[in-house]
Amino acid sequence: MSTSTKLLKLLFISTPVGHLGSGLGGGVELSLYNVAQEMIRRGHQLQIVAPADSTGNNLPLVQIPGNLQIIAQSQSRTAPINMPENSVLANMWDYARQVQNNYDLIVNFAYDWLPFYLTPFFDCPIAHLVSMGSLSNALDAIIKQIASQFPGTIGFHTQTQAETFALKQQCPILSNGIDLSLYNFCTQPKHQLAWVGRIAPEKGLEDAVAASQITNIPLKIMGKIQDDLYWQKICQDYPNAPWEYLGFLSTNQMQQVVRECKASLMTPHWIEAFGNVAIESLACGVPVICYRRGGPVEIIQDSKTGFLVEPDSVTGLVNAIARLDEINRYTCRHQAETEFSLSALGDRFEKWFYSVTLDKILL
Ligand code: HBI
């Protein structure tokens with residue numbers, strides 16, 4: 001049987017910062033669900049290992065107890081590796097060690113040191129999807145080591161993100177993808193803007209609120225409040241801006257709001273590895289206005305499906321908002337259909353998984 005038709009037995013190991021469905025895992029939760037759903041649709045066997053209390057969208061889940069990992073973006077670049085007692089990360093990987101012989105490939109979705117360090121100790125091949133840009137020296141070092149020892153097993157969402165790790169090897173670039181059937185196109189938006197994302201300093205929400213105040217266009221804010229002090233400061237600094245916080249919504253609730261917006265604002269103060277919000281917005285036919293920084297630069301077609309503006313420039317956001325009538329909303333939806341559908345995503349990941357398991361299958 002040629003490798004391109006062999007069905008794989010896949011073990012997905014989730015992020016350890018929150019149970020699946022909590023929103024704390026941010027974009028990587030969505031990536032895991034979407035890739036899992038598409039692999040199953042293609043006939044592969046699949047099991048997801050995730051922290052206890054995870055919701056699986058009727059996907060096959062093994063729930064592992066233990067204490068969550070601290071989110072990496074809250075740590076300093078020189079922070080030592082931290083592991084809580086009874087670590088859910090350690091427990092998930094001990095489970096993987098025990099069952100590894102039942103699988104052709106283990107796929108790691110955690111942005112943590114341990115899974116990379118354990119790679120040489122496993123018989124089963126491991127593919128690592130790196131979900132953020134470079135954040136810590138310890139993780140950079142172990143990623144560099146594994147990229148060199150196991151070429152082709154470290155995947156990134158975008159070239160920009162991969163470059164933050166300054167690796168010698170060219171690594172697989174997977175982009176991302178979503179289930180387009182969940183997003184409904186809208187031709188006549190209301191006079192409002194959307195901002196969607198984890199509410200934390202690296203996401204730069206204050207700039208979108210400032211742009212909303214200057215333009216006096218209502219801003220619909222959606223997402224998990226991850227940093228409460230940061231959120232309180234925005235509320236105090238912009239008491240009169242026309243913003244409304246709608247909470248952490250399900251995909252369906254979120255797209256019902258976004259689709260009726262003139263545009264989505266993305267204001268990353270860090271190198272966004274990808275920008276799921278951008279493709280979710282495009283899927284609704286909604287143009288994206290984003291700083292020219294990180295993953296969204298490889299997603300948004302400037303002046304065609306949105307605008308890329310000078311990083312951290314609120315004026316840049318405001319000037320782009322004034323140009324929104326130049327964008328054809330059908331062009332936005334069309335780009336999502338050609339580049340970011342589940343089948344496009346599945347093609348990229350399936351090709352990667354076969355490339356990592358090839359030597360094992362042929363042995
Ligand atoms: N932090 N330690 C740690 N581990 C993760 O897997 C992790 C994280 N912070 C954020 C995060 N994952 C995801 O929200 C992003 O990768 C999308």
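This is a predicted model: local features need pLDDT of at least 70, side-chain atom pairs count only at pLDDT 80 or more; totals for chains, interfaces and linings use all residues.
## Domain layout

The protein is divided into two parts, with domain 1 made up of residues 9-177 together with 342-361, and domain 2 covering residues 180-339. Taken over C-alpha atoms, the centres of domain 1 and domain 2 are separated by 27 Å. Where the domains meet, domain 1 contributes 25 residues to the contact, while domain 2 contributes 18 residues.

## The interface between the domains

The size of an interface is often expressed as the accessible area that is lost when the parts come together. Between domain 1 and domain 2 this buried area is about 1600 Å², and carbon and sulfur atoms give 60% of that area. On the side of domain 1, the residues Leu30, Gln73 and Thr160 supply 25% of the area buried against domain 2, which is more than any other three residues supply.

As for specific interactions, the count of salt bridges between domain 1 and domain 2 is 0, whereas 8 residue pairs, both members at pLDDT 80 or more, are found in polar contact across the interface. The elements of domain 1 that give two or more residues to the side touching domain 2 are helix H1 (26-41), helix H5 (159-163) and helix H12 (342-362). Of these, H1 provides the largest share, with 4 residues. By residue class, the side of domain 1 that touches domain 2 divides into 18 polar, 6 nonpolar and 1 charged.

The ligand is surrounded by 18 residues, of which the closest are Thr15, Ala72, Gln73, Asp112 and Ser131.

For Ser131, a polar side-chain atom lies 2.5 Å from an oxygen atom of the ligand.

Definitions and conventions
Residues are numbered from 1 along each chain as its sequence is written. Side-chain values use heavy atoms; hydrogens and water are left out. Domain bounds come from an automatic or database domain assignment. Contact means heavy atoms within 4.5 Å. Buried area is the accessible area (1.4 Å probe) that two parts lose on being put together, summed over both. A salt bridge is a side-chain nitrogen of Lys or Arg within 4 Å of a carboxyl oxygen of Asp or Glu. A polar contact is a pair of N or O atoms within 3.5 Å; within protein, one must be able to donate a hydrogen and the other to accept it, and residues adjacent in sequence count only if both atoms are side-chain atoms. Ala, Val, Leu, Ile, Met, Phe, Trp, Tyr, Cys and Pro count as nonpolar, Asp, Glu, Lys and Arg as charged, and the others, Gly among them, as polar. A residue is near a molecule or strand if one of its heavy atoms lies within 4 Å of it.
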